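Let's take a friendly walk through this model, from a single side chain out to the packing of the whole chain. Have the sequence and the coordinates open beside you as you read.

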Amino acid sequence: MLCGLVVLLDGYDIQTMALAVPSIAAEWKLASSTFGLALSASLIGLMGGAGLIAPFGDRFGRRPLLVGGMALVGLASLCTAYSTAPMHLVAWRFMTGLGLGASIPNGTALTSEYMPARRRAALVTLMFCNMAVGAFAAGFTAPWIVSRWGWQGIFIVGGTLPLLVSLVLFAWRLSPSDSCWHATLVIHASLSFWRESRQM
């Protein structure tokens with residue numbers, strides 16, 4: 001469940017820069033084309049994080065990499081809110097991407113290790129659907145956030161939530177068997193509700 005929330009927040013954070021550019025360009029009196037590198041920086045960082053940082057999960061454990069990745073996403077997003085130049089945005093968005101790249105593969109691996117084998121493929125697929133849900137949520141909430149707190153608010157929200165999740169992951173002390181048991185209960189309850197709703 002927490003890994004699904006991680007992917008959802010990652011989807012949100014990937015989308016934030018594109019949603020903030022019109023407001024930033026208007027405030028800084030720059031053309032939107034000036035922010036091309038800033039828009040790409042998080043994806044470049046994501047590629048680097050997934051290729052260079054995420055594999056350390058095999059050595060140091062999935063959860064430490066997931067906690068560290070989400071903390072980096074949160075801190076870099078908060079710093080993005082206080083940027084005053086396009087190159088500041090590039091640097092902080094690259095750091096955000098590194099955190100995303102470290103957290104997504106380790107979240108996927110953690111989900112695969114904790115879930116029952118017969119439900120594993122479906123649950124991992126469902127977890128990845130949260131990426132699109134997060135991007136949708138960003139597009140849906142961004143106008144409301146910008147109207148109240150400016151473009152900085154998008155990154156403050158996008159930074160605060162991952163930091164909270166990283167703290168929860170850091171404090172979470174469930175063994176794999178407990179996690180599987182809880183996941184099985186959730187799946188069973190969901191399937192029972194679905195069957196009953198079809199019969200109504």
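Does Ile-44 count as buried, partly exposed or exposed? At 40% relative accessibility, Ile-44 counts as partly exposed; buried means under 20% relative accessible area, exposed over 50%, and partly exposed in between, using a 1.4 Å probe and protein chains only. Ile-44 sits in helix α2 (residues 36–53). Its C-alpha is 9.2 Å from that of Arg-93, a residue 49 positions away in sequence.

A word on the source: this is a predicted model, in which local features need pLDDT of at least 70 and side-chain atom pairs count only at pLDDT 80 or more, while totals for chains, interfaces and linings use all residues. Residues are numbered from 1 along each chain as its sequence is written, and side-chain values use heavy atoms, with hydrogens and water left out.

**Confidence and overall fold**

The mean pLDDT (the predictor's confidence in each residue, from 0 to 100) is 82 for the chain, with 84% of residues at 70 or more. Over residues 174–200 the pLDDT is below 50, and this stretch has 13 contacts in the model beyond near neighbours in sequence; a contact means heavy atoms within 4.5 Å. Where pLDDT is low, the predicted coordinates should not be read in detail.

The chain has eight helices and zero strands; helices (H or I, at least four residues) and strands (E, at least two) are DSSP runs, numbered from the N terminus. Of its 200 residues, 40% count as buried. Among contacts with a separation of 6 or more, 81% join residues 24 or more positions apart.

Buried residues in α4 include Leu-65, Gly-69, Val-73 and Ala-76.

**The nonpolar cores**

A nonpolar core is a set of buried Ala, Val, Leu, Ile, Met, Phe, Trp, Tyr and Cys residues joined through side-chain atoms within 4.5 Å. The largest one has 19 residues, of which Met-17, Ile-24, Phe-35, Leu-89 and Phe-155 touch the most other members. Two or more residues come from each of α1 (2–28), α2, α5 (86–114), α6 (120–149) and α7 (151–171), and α1 gives the largest share, seven residues. Leaving aside residues up to four places away in sequence, Ile-24 touches Met-17, Phe-35, Leu-89, Trp-151 and Phe-155. Apart from this core lies another, of eleven residues, including Met-115, Leu-123, Val-165 and Leu-169.

**Aromatic pairs**

Rings of Phe, Tyr and Trp (its six-membered ring) pair if their centres lie within 6.5 Å; planes under 30 degrees apart count as stacked, over 60 as edge-to-face and the rest as tilted. The count comes to six aromatic pairs, and two of them are set out here.

| Pair | Centre distance | Plane angle | Class |
|---|---|---|---|
| Trp-28 and Trp-151 | 5.9 Å | 85 degrees | edge-to-face |
| Trp-151 and Phe-155 | 6.1 Å | 80 degrees | edge-to-face |

Trp-28 in helix α1 and Trp-151 in helix α7 are 123 residues apart, so their pair links distant parts of the chain. Trp-151 and Phe-155, in contrast, are four residues apart in α7, about one helical turn. Trp-28 is buried, as are Trp-151, at 2% relative accessible area, and Phe-155, at 1%. Ring pairs link Trp-28, Phe-35, Trp-151 and Phe-155 into a cluster.
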